[in-house]
Amino acid sequence: MSTTPSASTELPPEPLPFRGRILDERHLTRMVLTIAALVTLLLGTVLAWISSLPDIRSLDDYRPQVATMILDRFNRPIDAIAREFRIVVPYDSLPPLLPRAFVAAEDSRFWEHDGLDLWSIARAAFNNVRAGRRSQGGSTITQQVTRALLLSPEKSYLRKMAEAVLAFRLERMLTKEEILSIYLNEIYLGEGAYGVEAAARTYFGKKASQLTLGEIALLAGLPQSPSNYSPLKQPEAARARQRYVLNRMAEDGLVTADAARAAYEEGLPLAGHWRKAINGYFALYVRQQLLTVYKEADLYQKGLSVATTVDAQLQEAAARAVQEGVAGIAGRHPGEPAPQGALVALDAGSGRIQAMIGGVDFTENQFNRAVQANRQPGSAFKPLLYATALEQGISPDAVFQDAPITLYSGNGKPWQPHNFKREYRGPITLTEALIHSSNVVAVRLMQQVGPQKVIATARKLGISAPLDADLSLALGSSPVSLLELAAVYAAIANRGEYHAPVGITRIGDRRGGFTPWPQSAGKQVLAPATAAWLQTAMAQVVRRGTGKNAAGVIGASGKTGTTDNQVDAWFVGSARDLTAGVWFGHDRDMPLGAGETGGQAAAPVWKQFMLQAAN
């Protein structure tokens, strides 16, 4: 047997081992170009995104929306006109502890970092992962400034990145003090207050420069959650947050532990809602006056200061009197809806508004019933009729029949005006007719004088509302506003010299300059003798007539007004140099209730206010 292998049994050669795809120069070139393109695309995207970020140079000239402050006659702030209630104050005018308290509460490493606090970010991330939700943030004060002024409030990682880039830039453009100044003037602190000055006035009724340590700590605790820590709505949470800030300040050596403890033990002496509830109606009136001269945008941007004619203490007295008057009417008619009320007081010699309350509570209803509501004045309109008669030469001693009368209109329909309680006195003088508010004598007098002449008198005395030229005008059938009717009585008290109501004295600007506001020039519209007679007769109205419930105020004179079915109740009168008008009624015409006349409902409220105004 042969040992030489045959061709059919020869083994195939072993295959070479697989070494993968060999990259030649062409492949390497493609890979490098692809990576370069991706890097270029990525860099371009990043650069484009960075270039699309807001320009921080706008913060170098920080001009936020600033409230127009409304001041009373003694320069006490009573309200503000603002979309964002903010009063910008310089950094160096703040008490030194105030910015330090915010730093301790919000960004303890503010003075060391460059806009980003990486340690705080890492700590917040760790706590959020451990909690399984976003429970903490690591934003610095600088980041909060960029977020508030340059970015949207959305919560996203992209916004956080933008916030970080802008914060880094901002730290290189402004000083730490400038950044902190913007923050303290911009930050929202709840209850509509932006910045520490507005918050100090909202919560404590004082300037930021007057805040105590405890009050500073409370404000410094608000930025994290103004609604949850509001001292007005969440006092317990606010106190807990205040304690935290005081402890942080003590730990940082800003105050001693004893000082922090003493500040906490002082409690929260809050001023409450100092702006709207009492002064809102007058502020709305002032705003309407300002818009006759200024653009609406000016009121939100120029930081105006409006000196007005009202007295903050009289405002409080007027509001209290109206509220107690409404409560009294409601108490006499349980189960019925509570009415509304209004009060306006004028300086008789100048027409300056001393107090204006247009309803029970401005925060619930902003309709100003002292100015915007025209209501039937009833017998409170009669002094205009009697003034016209005396100006036409009719003697106050002239005798008229106080007896039932029947009149016929053009279509032959009878009209029978009657006195209250249908009581009649027979022949009486005009003086007695006014004192006892005789309706039938007023109608007979209107027949003799003529409605058109009475309307002419009303126009000279500032009544602008439409007046019906018929005999029912004698009974106050044509609606008028409380403010305008009060101005009529002020002219009577001022010996016939009329001054249009005015509520502003001057306008101040940010630079400290001011512009006088036009004041009402006096105009003699009634003879002094006519005005003197009306004053004397209306003094008797208070002593022995329908206004006896207003008696007790030195020098008081005035007139009641009651409309059919006790829908409206009025008392308008003067004492010394002050004239005030009071009205009660429902916004929808419905009776106040049996017995709710001007003498019963309005005169006691007028007396209450005037007695407080005299003190």
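Mentor: Lys176 lies in helix H6, residues 176-186. Helices here are DSSP runs of H or I with at least four residues, strands are runs of E with at least two, and both are numbered from the N terminus. The model is predicted, so local features need pLDDT of at least 70 and side-chain atom pairs count only at pLDDT 80 or more, while totals for chains, interfaces and linings use all residues. Residues are numbered from 1 along each chain as its sequence is written, and side-chain values use heavy atoms, with hydrogens and water left out.

Trainee: Does Lys176 count as buried or exposed?

Mentor: Buried means under 20% relative accessible area, exposed over 50%, and partly exposed in between, with a 1.4 Å probe and protein chains only. Lys176 has 15% relative accessibility and therefore counts as buried. Leaving aside neighbours within four places in sequence, Lys176 is in contact (heavy atoms within 4.5 Å) with Phe110, Trp111, His113 and Glu171.

Trainee: Which way do the residues of S20 point?

Mentor: In a regular strand the side chains alternate between the two faces of the sheet. From S20, Leu578, Ala580, Val582 and Phe584 point one way, and Thr579, Gly581, Trp583 and Gly585 the other way. Strand S20 (residues 578-585) has eight of its eight residues buried. Gly581 is one case: at 0% relative accessibility, this residue counts as buried. Gly581 and Phe571 are 10 residues apart in sequence, with a C-alpha to C-alpha distance of 5.8 Å.

Trainee: What is the strand order in the open sheet of five strands?

Mentor: The order is S2-S1-S5-S15-S16, with mixed pairing. Strand S2 (77-81) and strand S16 (514-516) are at the edges with a single partner strand each, so one side of each has no neighbour in the sheet. The twist averages 25° from one strand to the next, where axes are lines fitted to C-alpha atoms, for helices over the stretch in contact, and angles run from 0 to 180 degrees between N-to-C directions. Within this order, S1 (residues 68-71) and S5 (residues 305-308) pair in the parallel sense over three bridges, and Met69 has Ser305 in S5 as its bridge partner.

Trainee: How much space lies in the second largest pocket?

Mentor: Rolling a probe the size of a water molecule over the atoms shows where empty space is left. On a 1 Å grid over the protein atoms alone, a pocket is an open set of points where a 1.4 Å probe fits, with protein on both sides within 12 Å along at least five of seven lines; lining residues have an atom within 4 Å of a point. The second largest pocket holds about 1200 Å³, the volume being the space filled by probe spheres set on grid points joined across faces, edges and corners. Of its 37 lining residues, the closest to the centre are Ser379, Asn419, Phe420, Asn439 and Thr562.

Note on methods:
Two strands pair if DSSP finds at least two bridges between them.
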